[in-house]
Amino acid sequence: MSNRIYVALDTPDIDRAKAIAERVRHHVGGIKLGLEFFAANGRTGVREMADLGLPIFLDLKLHDIPNTVAKAVQALRALEPAILTVHASGGRAMLEDAKAAAPAGTKVVAVTMLTSLDQRDLDATGVTGTPHDQVLRLTELAMRAGVDGIVCSGAEVKAAHRLWPKGFFVVPGVRPTDSVVGDQKRVVTPRMALDNGASILVVGRPITQAEDPDAAARAIGATL
Ligand SMILES: O=C(O)c1cc(=O)[nH]c(=O)n1[C@@H]1O[C@H](COP(=O)(O)O)[C@@H](O)[C@H]1O
């Protein structure tokens, strides 16, 4: 089951990213490269990481007017990532245009409500209802727009999966029981996220900050 773990290599240092990827490669299903990596290393860096042979999840969380997002996705086409993220709250037209601009083999997944946010944060943005309500509202929007799936926390993935049985569900913000939570707020264990219907898990610091990333990835895999 460890092939359902994507390790988040959140570092601007490509040599460090490669070193961790090499160490954990037999215990993860793919690697996730996000804004920190992309801002420092760009498309060339993504290509270099892809040469390691693992599927690439390019997590840029695009969120802008439809034309701008579509053009950005077009500019990324040649990288053919396995997964690409956009923000669901960008709206239906943006989601449709992002999907239309992506390569056929790329899953476009829409971030619903970041796992680093809770009820108070939601209230502060003027959104009514609970995190659960907000995730389901955006799941429905993403489904209707024709993207491939969503990103949500393990606390909502069961209900989101029920609403969209054919969707692809990415769950970050997972923590083994003995692990530091950090800036995440809606956290579940990797096992619970999968039991609740996650298609893949994103795991960053519990692996990358471990003294032995390989052992940490193996240990998480063993709980699944
Ligand atoms: O899209 C994501 O991957 C994402 C969405 C979200 O709601 N929360 C979230 O933490 N992430 C990403 O998942 C990773 C979590 O990292 P750790 O908290 O270190 O395990 C980071 O790379 C985040 O950018």
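This is a predicted model: local features need pLDDT of at least 70, side-chain atom pairs count only at pLDDT 80 or more; totals for chains, interfaces and linings use all residues.

Lys 61, although not a glycine, has a positive phi of about 45°.

Stay on strand S3 and move to Asp 59, which is found there too. Asp 59 has 26 C-beta neighbours inside 10 Å and therefore counts as buried. Beyond its neighbours within four places in sequence, Asp 59 is in contact with Lys 32, Leu 33, Gly 34 and Thr 85. In the UniProt record, an unreviewed entry, the annotation "active site" covers Asp 59, Lys 61 and Asp 64, and the three can be selected together.

Next, show the ligand and the 19 residues around it, of which Ala 8, Thr 115, Pro 172, Gly 204 and Arg 205 come nearest. Strand S3 (56–62) gives two or more residues to this shell, as do strand S8 (200–203) and helix H9 (205–208). If you colour the shell by residue class, it divides into 8 nonpolar, 7 polar and 4 charged residues.

Glu 80 is partly exposed, because 15 other C-beta atoms lie within 10 Å.

In soluble globular proteins, nonpolar side chains tend to be buried together. The largest nonpolar core of this model has 66 residues, and the members that touch the most others are Val 7, Ala 98, Ala 110, Val 171 and Leu 201. Helix H6 (residues 131–145) gives the most to this core, with 5 residues. Centre the view on Ala 110 and, setting aside residues up to four places away in sequence, you can pick out its contacts with Val 86, His 87, Ala 88, Leu 95, Leu 138, Ala 142, Val 147 and Ile 150.

For another buried position, select Val 157 in helix H7 (residues 157–163), which counts as buried because it has 27 C-beta neighbours inside 10 Å. Leaving aside neighbours within four places in sequence, Val 157 is in contact with Cys 152, Phe 169, Val 171, Ala 193, Asn 196, Gly 197 and Ala 198. A distance drawn from the C-alpha atom of Val 157 to that of Ala 102, 55 residues apart along the chain, spans 25 Å.

Finally, zoom out to the whole chain, whose secondary structure comes to 10 helices and 8 strands. The radius of gyration is 17 Å, close to the 17 Å that the globule rule gives for 224 residues, so the chain is as compact as a globular protein of that length. Its C-alpha atoms fill a box of roughly 40 × 40 × 30 Å along the principal axes, and buried residues make up 44% of the 224 in the chain. Among contacts with a separation of 6 or more, 68% join residues 24 or more positions apart.

Conventions: Residues are numbered from 1 along each chain as its sequence is written. A nonpolar core is a set of buried Ala, Val, Leu, Ile, Met, Phe, Trp, Tyr and Cys residues joined through C-beta atoms within 7 Å. A residue is buried if 20 or more other C-beta atoms lie within 10 Å of its own, exposed if 12 or fewer, and partly exposed in between; C-beta atoms are placed from the backbone. Helices (H or I, at least four residues) and strands (E, at least two) are DSSP runs, numbered from the N terminus. Two residues are in contact if their C-beta atoms, placed from the backbone, lie within 7 Å. A residue is near a molecule or strand if its C-beta atom, placed from the backbone, lies within 6 Å of it. Ala, Val, Leu, Ile, Met, Phe, Trp, Tyr, Cys and Pro count as nonpolar, Asp, Glu, Lys and Arg as charged, and the others, Gly among them, as polar. The radius of gyration is taken over C-alpha atoms; the globule rule is 2.2 Å times the number of residues to the power 0.38. UniProt positions are given in the numbering used here, feature names are shortened, and annotations may be inferred rather than shown by experiment.
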